[in-house]
Amino acid sequence: GVKREESFLEISSLEELAARAGACSRCRLRSGCRQVVFGEGDQKADLMLVGEGPGQVEDEQGRPFVGPAGQLLDRILEACAIRRDEVYITNIVKCRPPGNRLPNPDEVAACRGWLEAQIRLMSPRIIVCLGLLATRTVIEAKATMAGIHGQWFKRGDVWMMAVYHPAALLRDPRLKRPAWEDFKLIRDKYQQLKRG
Ligand code: URA
């Protein structure tokens with residue numbers, strides 16, 4: 001069975017959290033992947049990007065968004081004049097699902113405590129959900145991408161927005177236009193918050 005999430009409230013640093021996640025066996029995904037892909041970037045980042053889960057290249061390299069979708073994300077960030085090392089990038093599940101299948105709800109539930117603790121320890125000002133799984137897990141359980149992308153949601157001090165996943169843009173180039181419009185809103189909000 002899959003263990004229930006816990007919120008790791010006793011953990012007070014991201015390093016300690018990453019070490020604990022590296023030893024995680026809370027669901028079946030860990031036994032089918034090479035390594036835990038915890039996340040990377042500036043721990044004090046104002047902007048956190050949350051994807052779905054590691055793919056093949058991420059599983060090999062131990063870093064999020066370094067495969068084809070990641071290369072497109074890099075270009076989008078560059079077009080927004082945002083450096084990859086000034087943001088923090090992570091995923092809903094930290095272990096690669098077999099064959100890149102969608103993570104199951106029980107795997108999402110088992111893993112979500114890690115993301116919640118990452119958010120608590122880093123307190124980003126903006127959380128961008130890349131794709132529907134992150135959107136449904138973080139913003140709104142019943143969301144559709146067409147219905148929710150490009151809108152700001154504010155929870156406490158945190159601004160959140162859903163955008164199409166870079167992998168979806170690679171499959172369907174027609175989504176590049178709305179994604180770019182959304183990223184311009186994110187860029188503007190990010191610049192505003194930095195100045196404020
Ligand atoms: N797709 C994701 O959702 N996350 C990654 O880290 C890579 C590809």
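User: Before we start, what should I keep in mind about the model?

Analyst: The model is predicted, so local features need pLDDT of at least 70 and side-chain atom pairs count only at pLDDT 80 or more, while totals for chains, interfaces and linings use all residues. Residues are numbered from 1 along each chain as its sequence is written, and side-chain values use heavy atoms, with hydrogens and water left out.

User: Which residues surround the ligand?

Analyst: A residue is near a molecule if one of its heavy atoms lies within 4 Å of it. Here the shell consists of G51, E52, G53, E58, P64, F65, N91 and H165. Sorted by class, that makes two nonpolar, four polar and two charged residues. In this scheme Ala, Val, Leu, Ile, Met, Phe, Trp, Tyr, Cys and Pro are nonpolar, Asp, Glu, Lys and Arg are charged, and the others, Gly among them, are polar.

User: Which polar backbone atoms lie by the ligand's oxygen and nitrogen atoms?

Analyst: A polar contact is a pair of N or O atoms within 3.5 Å; within protein, one must be able to donate a hydrogen and the other to accept it, and residues adjacent in sequence count only if both atoms are side-chain atoms. In this model, a polar backbone atom of E52 is 2.8 Å from an oxygen atom of the ligand, and one of F65 is 3.0 Å from an oxygen atom of the ligand. For G53, a backbone N or O atom lies 3.0 Å from a nitrogen atom of the ligand. Taken alone, the ligand exposes 230 Å², of which the protein buries 91% (Shrake-Rupley areas with a 1.4 Å probe; for residues, only the protein chains shown count as cover).

User: Where does the ligand sit among the pockets?

Analyst: On a 1 Å grid over the protein atoms alone, a cavity is a set of points where a 1.4 Å probe fits but cannot get out, and a pocket is an open set with protein on both sides within 12 Å along at least five of seven lines; lining residues have an atom within 4 Å of a point. A molecule sits in one if more than half of its atoms lie within 2 Å of its grid points. The ligand takes the space of the largest pocket, which holds about 620 Å³ (points are joined across faces, edges and corners, and the volume is the space filled by probe spheres set on them). Of its 30 lining residues, E52, G53, N100, H165 and A167 are the closest to the centre. The lining has 16 nonpolar, nine polar and five charged residues.

User: What about the second largest pocket: which element gives the largest share of its lining?

Analyst: Helices (H or I, at least four residues) and strands (E, at least two) are DSSP runs, numbered from the N terminus. The largest share, four residues, comes from α5. This pocket has a volume of about 180 Å³, and its lining has seven nonpolar, one polar and three charged residues.

User: And what lines the largest cavity?

Analyst: Its volume is about 110 Å³. Of the 13 lining residues, C24, C27, C95, C111 and W114 lie nearest the centre of the cavity. The helix α5 gives the most to this lining, with three residues. By class, the cavity lining has ten nonpolar, no polar and three charged residues.
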